[in-house]
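Visitor: I'm new to this structure. Could you show me how to read it, feature by feature?

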Amino acid sequence: MTADDPTPQAAYLAAGVDTDEVDRGLTNLVDRIRRNWLPPGEFGGVQLPIGYFANVVNIGGGKGLAICTDGVGTKAIIAQMMGKYDTIGIDCIAMNVNDLVCLGAKPLTFVDYVAVDHANSQMLEAIGIGLARGAEEAGVSISGGETAQLEDVVRGFDLAGTAVGLVSLDRILTGRDLAPGDLVVGIASSGMHSNGFSLARKAFFKRRDPLSLNVTVPGTDVSLGDELLRPTLIYVRAALEVLQQAQSVKALIHITGDGLLNLARVESERVGFVIDDLPRPPAIFKMVQQYYPVSTAEMFEVYNMGIGFCMVVDKSDVDLVLSIAEKHDLRSSVIGKVIDDPNKRVYLPQYRLVGHKKHFHQQ
């Protein structure tokens, strides 16, 4: 296999993650769990199909309870390797609230779940520091949680959580009104965030000559360990301000696993995206390819590649969105536009890539 191997997800599969098999299993799971859904107009009725960033349940009075759940994945292993646990909680909060706000919902509260092989009070306290910091950044409370000691199930620890929020049923944001010519504002990530760590660990540490956590990421003055543990950015406050002030917000999109292919999650059926002005990806992504034969197509399938969140708006609101992002110390720029495309493809002309569903392919 070479870095130009076109086989979809070849490197990620070799790292132990089969996203296509997960999708096949989810199809069967979704068919089963939808059988007990109430109609959307009834109290408790589910409003959206499964597959968007979060979902909404009708709680009466025109209000919806937005809810989602996520974890930090194998980034937890990096925290263990570093012996540093006071930022991983930020990632857990971020992965949830960033998804929740994509619906136009205001996140309200959060509950966490920590599974450990053995109780360690100092580690748990440090995880709590990050959770509290993330909750403060997101403007949510932490209203409960669970700590489980599962020696026979986990090695080290696992961290996940659930966020809930509120949104008016008539204001749920899913991208249904996108139109050709709308612009995509990309907001920078802080780095790898919380996706693709199985592949990163395969590249850096599961090799005959594992890299040291202290090695410097090329082109930076940051150690590999510190770079990998850099917390996921929380976009909630900026997104809520944009929702409040901009008149033409049509979609908010959290760029996580599947990278910029997340753009195609929007409800509009006849739109695609041309993303033709991407900033240079952070150095950590080039370093992954330096140490492991990952195609550029697969890098864009697995990682955010420098864009952590997108806002799709009419051109009349672009300057306002950019100024709000700057106010919240977020780097942003117009990275592309919406086009007419019944196949909902994502085009990256800078890299000669075309994305459809779960995969990018070379043009």
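Predicted model: local features only at pLDDT ≥ 70, side-chain atom pairs only at ≥ 80, totals over all residues.

**A hairpin, a helix and a sheet**

Guide: In the hairpin of strand 12 and strand 13, two residues lie between the strands, and Lys 357 has a positive phi near 60°. Strand 12 (residues 353-356) and strand 13 (residues 359-362) pair in the antiparallel sense, over four bridges. His 356 stands opposite His 359 of strand 13.

Visitor: Now helices. Which residues of helix 11 are buried?

Guide: A handy idea first: an α-helix has 3.6 residues a turn, so residues three or four places apart point the same way. In helix 11 (residues 318-327), the buried ones are Val 318, Val 321, Ile 324 and Ala 325. They sit on the same side of helix 11 because they cover an arc of only 130° around the axis. Asp 319, Glu 326 and Lys 327, on the other side, are exposed. Just after helix 11 comes Asp 329, with a positive phi of about 60°.

Visitor: What covers the buried residues of helix 11?

Guide: The cover includes strand 6 (183-188), helix 8 (236-245), strand 9 (307-313) and strand 10 (332-340). Take helix 8: it packs with helix 11 at an angle of about 150°, and their axes are 9 Å apart. Ala 238, Glu 241, Val 242 and Gln 245 of helix 8 make the contact with Leu 320, Val 321, Ile 324 and Lys 327 of helix 11. The crossing of these two helices is right-handed.

Visitor: And which residues touch the most other members of the largest nonpolar core?

Guide: In soluble globular proteins, nonpolar side chains tend to be buried together. Here the largest nonpolar core has 106 residues, and those touching the most other members are Phe 157, Phe 204, Leu 260, Phe 273, Ile 275 and Tyr 303. Helix 4 (residues 88-101) gives the most to this core: eight residues.

Visitor: Last one: in what order do the strands of the open sheet run?

Guide: Five strands form it, in the order 1-2-5-3-4, with mixed pairing. Strand 1 (55-58) and strand 4 (141-149) are at the edges with a single partner strand each, so one side of each has no neighbour in the sheet. Inside the sheet, strand 3 (residues 106-116) and strand 5 (residues 157-168) run antiparallel, joined by ten bridges. Asp 112 has Gly 161 of strand 5 as its bridge partner. Helix 5 (residues 121-138) packs on the sheet, touching strand 3, strand 4 and strand 5.

Conventions: Residues numbered from 1 in each chain as written. Heavy atoms only, no water. Buried < 20%, exposed > 50% of the residue type's maximum accessible area, 1.4 Å probe, protein only. Arc of directions from axis to C-beta. Contact = heavy atoms within 4.5 Å. Core = buried A, V, L, I, M, F, W, Y, C linked by side-chain atoms within 4.5 Å. Pairing = 2+ DSSP bridges. Axes fitted to C-alpha atoms, helices over the stretch in contact; angles between N-to-C directions. Left-handed = near helix turned anticlockwise from the far one by under 90°.
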